[in-house]
Amino acid sequence: MKGYRLKKPAYFLIFTVIFALLLTVVYAVEVSFNKEVEEVSETYTETPVYEENIPVITTDIIINRPYVDNNVKILKGFYDHKADEASQENSIIYYESTYMQNSSVAYGGVESFDVVSILDGKVIKITKDDLVGNVVEIEHDNNIISIYQSVDNIKVNVNDEIKQGQIIAKSGKSSINKDLNSHLLFELIINNQISNPEDYFGKKVNTISE
């Protein structure tokens with residue numbers, strides 16, 4: 001009995017079918033791979049590596065003193081009804097037969113010194129008062145206002161943007177504290193309340209409660 005042998009046309013047909021199947025498999029694999037690459041690419045492009053609104057470094061702003069001369073000292077303190085008797089006596093102002101509680105702190109002890117801004121801010125008012133002399137008011141963030149009284153040689157104007165530590169005037173004199181000679185009467189208002197400046201120097205602004 002003779003064995004069955006495929007004729008040439010049959011060989012050609014089988015080869016064509018196998019080749020077509022291989023091409024189909026290769027195409028399917030390639031399409032699947034490209035789809036995965038596109039999905040991964042879209043995932044990384046849609047999600048930024050860095051968030052623009054999140055600072056890398058946070059800076060805590062410290063409230064500075066209104067002067068830089070280390071020889072400057074407190075001449076008259078802020079009147080605090082909770083303070084001891086000696087402190088209260090040193091915070092009383094006597095003017096024309098009247099005793100007044102000091103709502104600011106008087107700094108001096110040197111012939112003359114630069115008066116500087118305690119924080120960045122904006123000059124909102126410059127006035128001249130019969131009792132405390134020239135006055136500069138600066139508004140800061142966090143509902144803080146600093147008031148510099150009894151100053152001379154004012155170097156700023158209303159609406160000026162001020163940097164922390166910038167010189168705004170020189171120490172001067174006032175009618176209410178003639179015996180203090182050259183000095184600065186400094187007043188601090190926080191959240192609309194007159195506050196003792198000595199309680200806030202060196203503190204971080206973001207720790208002040210509203």
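How many salt bridges does the structure hold? There are 3 of them, where a salt bridge is a side-chain nitrogen of Lys or Arg within 4 Å of a carboxyl oxygen of Asp or Glu. The legends below take you through them, along with some other close-ups.

A note on the model: this is a prediction, in which local features need pLDDT of at least 70 and side-chain atom pairs count only at pLDDT 80 or more, while totals for chains, interfaces and linings use all residues. Residues are numbered from 1 along each chain as its sequence is written, and side-chain values use heavy atoms, with hydrogens and water left out.

**View 1. K204 and D60 meet in a salt bridge.** Here the N to O distance is 3.3 Å. K204 sits in the segment after strand 12 and D60 in the loop between helix 1 and strand 1, so this contact ties together parts that are 144 residues apart in sequence. Helices (H or I, at least four residues) and strands (E, at least two) are DSSP runs, numbered from the N terminus. K204 is partly exposed at 36% relative accessibility, and D60 is partly exposed at 34%. For these labels, buried means under 20% relative accessible area, exposed over 50%, and partly exposed in between (1.4 Å probe, protein chains only).

**View 2. R65 and E198 form a salt bridge.** The N to O distance is 2.8 Å. Distant parts of the chain are linked here: R65 belongs to the loop between helix 1 and strand 1, and E198 to the segment after strand 12, 133 residues apart. R65 is partly exposed at 30%, and E198 is partly exposed at 27%.

**View 3. K170 pairs with D114 in a salt bridge.** The closest N and O atoms are 2.8 Å apart. Since K170 is in strand 10 (residues 167-171) and D114 in strand 5, the pair ties together parts that are 56 residues apart in sequence.

**View 4. Ring pairs link Y67, Y107 and F113 into a cluster.** The structure holds 4 aromatic pairs; rings of Phe, Tyr and Trp (its six-membered ring) pair if their centres lie within 6.5 Å, and planes under 30 degrees apart count as stacked, over 60 as edge-to-face and the rest as tilted. Y67 and Y107 make a tilted pair, 5.2 Å centre to centre with 50° between the planes. F113 lies in the loop between strand 4 and strand 5 (114-116), so its pairing with Y67 ties together parts 46 residues apart in sequence. F113 is buried as well, with a relative accessible area of 2%.

**View 5. N191 and N192 have positive phi values.** Phi is about 55° for N191, which is not a glycine, and near 70° for N192, likewise a residue other than glycine. N191 is found in the loop between strand 11 (183-190) and strand 12 (193-195), and N192 lies in that loop too. N191 is partly exposed, at 22%, whereas N192 is exposed, at 65%.
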